[in-house]
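User: I'd like to talk through the pockets in this one. Can you put it up and take me through them?

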Amino acid sequence: LRQAKGLPMQTAFIMVTAQDAVSSMTEAMQAGATSYIVKPIIAADFTQIVDVAIEGLHEKRQKLAVQKP
């Protein structure tokens, strides 16, 4: 995740794990995760998280498009 975060691409990282530890969540979020989900996953919640991540990417792309000459 840390290596991918440095790449020049617009990507949302959603971490899905069985570890329900605050330290793991904190580490993932500091490394660039958009969201951190602990299994078992509820489909409706996952869909909402993906929708929010996609919306965030669209907003970033729009800001970049406005900034380019």
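Analyst: Quick definition before we start: helices (H or I, at least four residues) and strands (E, at least two) are DSSP runs, numbered from the N terminus. This is a predicted model, where local features need pLDDT of at least 70, side-chain atom pairs count only at pLDDT 80 or more, and totals for chains, interfaces and linings use all residues. Residues are numbered from 1 along each chain as its sequence is written, and side-chain values use heavy atoms, with hydrogens and water left out.

User: Which helix gives the most to the lining of the largest pocket?

Analyst: A pocket here is an open set of points on a 1 Å grid over the protein atoms alone, where a 1.4 Å probe fits, with protein on both sides within 12 Å along at least five of seven lines; lining residues have an atom within 4 Å of a point. Helix H1 (2–5) and helix H3 (43–67) each supply at least two lining residues. With four residues, the top contributor is H3.

User: Which residues are closest to the centre of the largest pocket?

Analyst: The largest pocket has 14 lining residues. Closest to its centre are Thr11, Ala12, Thr34, Leu57 and Lys60.

User: And for the second largest pocket, how many residues does its biggest contributor give?

Analyst: Strand E1 (14–17) and helix H2 (22–31) each put at least two residues into that lining, which includes Met15, Thr17, Ser24 and Glu27. H2 gives the most, and its count is four.
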